[in-house]
Amino acid sequence: MKVLPFPCIRPIPERAAEAAALPYDVFDRAEAASYVAAHPGSFLAIDRPETQFPPDQDMYAPEVYERAAELLRERLDDHSYFPDPAMSYYLYELTQGGRSQTGLVGVCSVDEYDDGTIKKHENTRPEKELDRAAHIRALGCQTGPIFLTYRDEPVLSFILSTAKGATPLYDFTDDEGVRQRVWEVRRPESVEAIREMFGRVPCAYIADGHHRTASAMRVAHEMRAEAKAAGTYTGKEPFNYFLAVLFPASELTVLPYNRVVRDRAGLSARELCDAIADAGFAVEPASAPVEPEAPGVMGLYTDGSWWRLTAHDDIRTAAREAGPVEALDVSLLQERILGPVLGIDDPREDPRIAFVGGIRGTAELEGRAGSEGAAFTLFATTVDELMAVADAGLLMPPKSTWFEPKLRSGLFIHRIA
């Protein structure tokens, strides 16, 4: 596949720690406003420009996106950010809880997303695509890197590891305790070796960032059409590529994406447990929160108590035989319990269900479930399962994977216009 170096807009080293921000979509509106108020130098102010307006401002109005562009220009004008003209790759290392993962920052081909070389496993929502597309058009830049993964290539891993022998551009630990280090790779022979080795990687997979990817594709195709209409299109324009960080699959950490349902659909706690047993699960009381240690095991919290749910072998065998999507624990939960027992037929749209990343812990699940609801803990979907679904050209249920640590925005910007 094609992964290219690019001229990056990035913060000066003294401002990198202050600028780096969690992705725009991990915050709700109130959380984003509160964070930016406390961290005015954070890139989240640019990623979520409605934080610069009163709470009743239409967050999708043109003036909101224009404000994002103004903020980026201000940071370029005050030299807290600068355009590095070198055609470089970057190595981006994140270390959390004693575990490190290192990705290559570069730009990937829009055409390779279109032809399936870069594979997806989730659908996207049009309104979320339009928001980020408007953000990209206003700034003329892609600011949120797409999190890609690929099957390990030992030679490539060796080349990338040797490039980490130099002094890093950035080295800081953020508020979440994640140490982040970045190295620039700009020597022509190193750049060419990396480009050539990625040419041997057959495909990559979107781990996180389906909406950011879809938005980049939307803008790229719009700008292509405009350039072709003007007779200026060459195929070499920056908008033909999108910003990405590519990690070898073996280094990734996937946490479960748990579920909370607001009510028990009129069932008592005992009736809910009986219905789950009838759906093909062994239901056993648990003396502590259940954090599943194997596929087919789930936890249930309701009415102040925890229960261990274990799918019967025949249920799991039938699910595996049905296909890679049906074999996922998130699918088993949806098809056996959430849909038929609790009436959650469309988890993408039903306001009764919420999704909680595993990093937030079981105490939050208990609080959200309260006395009337039900929370479910899951064994984490694996990277191999993600790849199997994508290789089959299929889609996962919503919120099937939670990757940690999250990539930070604001360290790498790809100008496309």
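This report describes the overall form of a predicted protein model and then looks at selected residues within it.

**Overall form**

The protein chain contains 14 helices and 21 strands. Its radius of gyration is 23 Å, close to the 22 Å that the globule rule gives for 417 residues, so the chain is as compact as a globular protein of that length. Taken along the principal axes, the C-alpha atoms fill a box of roughly 65 × 50 × 45 Å.

Of the 417 residues, 53% are buried. The chain exposes about 17,600 Å², and carbon and sulfur atoms supply 52% of that area. Among contacts with a separation of 6 or more, 78% join residues 24 or more positions apart.

**Nonpolar cores and Phe412**

The largest nonpolar core has 62 residues, and those touching the most other members are Tyr92, Phe281, Leu300, Leu309, Phe376 and Phe412. A second, separate core of 36 residues includes Met1, Leu156, Phe198 and Ala244.

Phe412 is placed in the loop between β20 (402-404) and β21 (413-415). Because its relative accessibility is 1%, and buried means under 20%, Phe412 counts as buried. Leaving aside neighbours within four places in sequence, its contacts include Cys8, Tyr90, Tyr92, Val105 and Leu243.

**Glu129**

Glu129 belongs to helix α6, which spans residues 126-139. With a relative accessible area of 12%, Glu129 is buried. Its side chain makes a polar contact with the side chain of Thr124, at 2.5 Å. Beyond its neighbours within four places in sequence, Glu129 is in contact with Thr124, His211, Ala214, Ser215 and Arg218.

**Cysteines**

A disulfide is a covalent bond between the sulfur atoms of two cysteines. The structure holds zero disulfides. Cys141 is in no disulfide, and the nearest cysteine sulfur, that of Cys8, is 10 Å away.

| Residue | Relative accessibility | Class |
|---|---|---|
| Glu129 | 12% | buried |
| Phe412 | 1% | buried |

Note on methods: Residues numbered from 1 in each chain as written. Predicted model: local features only at pLDDT ≥ 70, side-chain atom pairs only at ≥ 80, totals over all residues. Heavy atoms only, no water. Helix = DSSP H or I, 4+ residues; strand = E, 2+ residues; numbered from the N terminus. Buried < 20%, exposed > 50% of the residue type's maximum accessible area, 1.4 Å probe, protein only. Polar contact = N/O pair within 3.5 Å; in protein donor to acceptor, adjacent residues only side chain to side chain. Contact = heavy atoms within 4.5 Å. Disulfide = S-S within 2.5 Å. Core = buried A, V, L, I, M, F, W, Y, C linked by side-chain atoms within 4.5 Å. Rg over C-alpha atoms; globule rule 2.2 N^0.38 Å. Areas by Shrake-Rupley, 256 points an atom, 1.4 Å probe, with all protein chains shown as cover.
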